[in-house]
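Please read the following briefing alongside the sequence and the coordinates. The points are grouped by topic.

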Amino acid sequence: MLNSISERRIKLKDKYKLYLEVPEKEYMMVYNDEINLENARDILIQFLEYYQDDARIEDLSINHDKSNHSINIEANLSYIGNDHTDNKAFPRYLKH
């Protein structure tokens, strides 16, 4: 699933606005049709770890765009004052 996510970032003053677009079918298959912030955070954490991105997540939101058949995740990413974090293994279901 991680390889099928579209990403867009916008630089703000002291952070980035991140937009992720996840194909509806893949999201629903993994998360059993449950669209919530917990699942959005799971995807975002795994996405950032996959790309070795040390950002801190702020202001997370999720939206189901039924007309576009996608799940849209928005978050602010903060990098100021971050320490390097160790990489973690992520679930196999997100790798495909």
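**D53 and its surroundings**

A polar atom of the D53 side chain lies 3.0 Å from the backbone nitrogen of A55, a polar contact being a pair of N or O atoms within 3.5 Å, where within protein one must be able to donate a hydrogen and the other to accept it, and residues adjacent in sequence count only if both atoms are side-chain atoms. The model is a predicted one, in which local features need pLDDT of at least 70 and side-chain atom pairs count only at pLDDT 80 or more, whereas totals for chains, interfaces and linings use all residues. Residues are numbered from 1 along each chain as its sequence is written, and side-chain values use heavy atoms, with hydrogens and water left out.

- D53 sits in the loop between helix 2 and strand 3, where helices (H or I, at least four residues) and strands (E, at least two) are DSSP runs numbered from the N terminus.
- With a relative accessible area of 15%, D53 is buried; buried means under 20% relative accessible area, exposed over 50%, and partly exposed in between, for a 1.4 Å probe and protein chains only.
- The D53 side chain also makes a polar contact of 2.8 Å with the side chain of Y79.
- Leaving aside residues up to four places away in sequence, D53 touches R9, L48 and Y79, with contact taken as heavy atoms within 4.5 Å.

**Overall composition**

- The chain's secondary structure comes to two helices and four strands, and from the N terminus on the elements run β-β-α-α-β-β.
- Of the 96 residues in the chain, 33% are buried.
- Among contacts between residues at least 6 apart in sequence, 59% join residues at least 24 apart.

- The four strands form an open sheet in the order 1-2-4-3, with antiparallel pairing, two strands being paired if DSSP finds at least two bridges between them.
- Strand 1 and strand 3 stand at the edges and each has a single partner strand, so one side of each is left without a neighbour in the sheet.
- On average, and with direction ignored, neighbouring strands of this sheet are turned by 15° against each other; axes are lines fitted to C-alpha atoms, for helices over the stretch in contact, and angles run from 0 to 180 degrees between N-to-C directions.
- Six bridges join strand 1 and strand 2 in the antiparallel sense, and the bridge partner of K11 in strand 2 is Y16.

**The helices against the sheet**

- Helix 1 lies across strand 2, strand 3 and strand 4, and runs at about 85° to strand 2.
- Helix 2 lies across strand 1, strand 2, strand 3 and strand 4, and runs at about 120° to strand 3.
- Helix 2 (residues 37-50) has 14 residues and reaches 20 Å from its first C-alpha to its last, close to the 20 Å expected at 1.5 Å a residue, the expected span being 1.5 Å times one less than the number of residues.
- The buried residues of helix 2 are N39, A40, I43, L44, Q46, F47, L48 and E49, and what covers them includes strand 1 (6-11), strand 2 (16-23), helix 1 (24-31), strand 3 (56-65) and strand 4 (70-78).
- At the start of helix 2, a side-chain oxygen of N36 comes to within 3.2 Å of the backbone nitrogen of E38, while the helix is followed by Q52, whose phi is positive, near 55°.

**Aromatic pairs**

- The structure holds four aromatic pairs, where rings of Phe, Tyr and Trp (its six-membered ring) pair if their centres lie within 6.5 Å, and planes under 30 degrees apart count as stacked, over 60 as edge-to-face and the rest as tilted.
- The ring centres of Y16 and Y79 are 5.8 Å apart and their planes stand at 90°, so the pair is edge-to-face.
- This pair links distant parts of the chain, with Y16 in strand 2 and Y79 in the segment after strand 4, 63 residues apart.
- Y16 is partly exposed, with a relative accessible area of 30%, and Y79 counts as partly exposed at 30% relative accessibility.
- One aromatic cluster is formed by F47, Y50 and Y51.

**Positive phi values**

- Most residues other than glycine have a negative phi.
- D59, which lies in strand 3, has a positive phi near 50° although it is a residue other than glycine, and D59 counts as exposed at 55% relative accessibility.
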